[in-house]
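Hi everyone, thanks for coming. Let's have a look at one protein chain together, with the sequence and the structure up on the screen.

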Amino acid sequence: MKFINRCVVTLEPRTSFIDWVSGLGLELPDTWEFEGGAYLLDEHESEQSLMDDIHQQAQTILENEFSVWTENQNLWPGRPEQEAAFNMLRQLFTLHIAIAGFDLGKTSLLRADIPETV
């Protein structure tokens with residue numbers, strides 16, 4: 001086991017997000033328990049600092065989650081500004097926050113930068 005110097009935020013889709021995806025006319029997963037991303041954030045000295053970081057990243061997280069289902073931004077449930085994005089994130093997902101991350105994988109981590117598409 002290896003410690004990684006990141007906080008981990010995982011998203012669990014709420015009914016409102018599932019309803020939005022259902023309205024897109026796509027094939028839906030059999031179960032939603034494997035849906036929703038995991039996001040790694042820098043380590044923080046305090047819970048408040050971590051929450052501030054999540055607030056700042058909320059719009060990016062939402063845009064990524066929406067783009068998983070459709071690249072057509074006109075179909076997204078919204079593109080709120082930074083302050084409103086955190087509220088929308090909490091409306092669409094249950095956030096699970098861990099202040100430490102541990103790597104249980106047997107292979108080396110791969111890191112690849114993803115170009116901004118939005």
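This is a predicted model: local features need pLDDT of at least 70, side-chain atom pairs count only at pLDDT 80 or more; totals for chains, interfaces and linings use all residues.

Residues are numbered from 1 along each chain as its sequence is written, and side-chain values use heavy atoms, with hydrogens and water left out.

So, the layout. The protein chain has three helices and five strands. Along the sequence they come in the pattern β-β-α-β-α-α-β-β. Taken along the principal axes, the C-alpha atoms fill a box of roughly 40 × 35 × 30 Å.

Of the 118 residues, 31% count as buried. Buried is under 20% relative accessible area, exposed is over 50%, and partly exposed is in between, using a 1.4 Å probe and protein chains only. Now for contacts, meaning heavy atoms within 4.5 Å. Among contacts with a separation of 6 or more, 77% come from residues 24 or more positions apart.

On to the helices. Which residues of α1 are buried? They are Phe17, Ile18, Trp20 and Val21. These residues cover an arc of only 160° around the axis, so they sit on the same side of α1; the arc is that of the directions from the helix axis to the C-beta atoms. The elements covering them include β2 (6–13), α2 (47–69), α3 (82–92) and β4 (93–98).

Helix α3 can be described in the same terms. Its buried residues are Ala85, Phe86, Met88, Leu89 and Leu92, and they cover an arc of only 165°, which puts them on the same side of α3. The face turned away from that buried side carries the exposed residues Glu83 and Gln91. Cover for the buried residues of α3 includes β2, α1, α2 and β4.

How do α2 and α3 cross? Their axes come within 8 Å and cross at roughly 70°. Axes here are lines fitted to C-alpha atoms, for helices over the stretch in contact, and angles run from 0 to 180 degrees between N-to-C directions. The two helices are therefore roughly perpendicular to each other. For the cut-offs, under 35 degrees is roughly parallel, over 145 roughly antiparallel, 65 to 115 roughly perpendicular, and the rest oblique. The crossing of α2 and α3 is left-handed. Residues making this contact include Met51, Ile54 and Phe66 of α2 and Phe86, Leu89 and Leu92 of α3.

For α1 and α2, the axes come within 10 Å and cross at roughly 35°, and this crossing is right-handed. A crossing is left-handed if the near helix is turned anticlockwise from the far one by less than a right angle, and right-handed if clockwise. Here Phe17, Trp20 and Val21 in α1 meet Glu65, Phe66 and Trp69 in α2.

That brings us to the rings. Rings of Phe, Tyr and Trp (its six-membered ring) pair if their centres lie within 6.5 Å; planes under 30 degrees apart are stacked, over 60 edge-to-face, and the rest tilted. By this rule there are five aromatic pairs. One of them is Phe3 with Phe102, an edge-to-face pair at 5.7 Å centre to centre and 65° between the planes. It links distant parts of the chain, with Phe3 in β1 (residues 2–4) and Phe102 in β5 (residues 101–103), 99 residues apart. Phe3 is partly exposed, at 48% relative accessibility.

Phe17 and Trp20 have ring centres 5.5 Å apart and planes at 50°, so that pair is tilted. Both residues are buried. Ring pairs also link Phe17, Trp20, Phe66, Trp76 and Phe93 into a cluster.

Last, the two single residues. His44 is in the loop between β3 (38–42) and α2, and is partly exposed at 24%. Leaving out residues up to four places away in sequence, His44 touches Cys7, Ser49, Leu50 and Asp53. Lys106 lies in the segment after β5 and is exposed, with a relative accessible area of 84%. Thanks, everyone!

Definitions and conventions. Helices (H or I, at least four residues) and strands (E, at least two) are DSSP runs, numbered from the N terminus.
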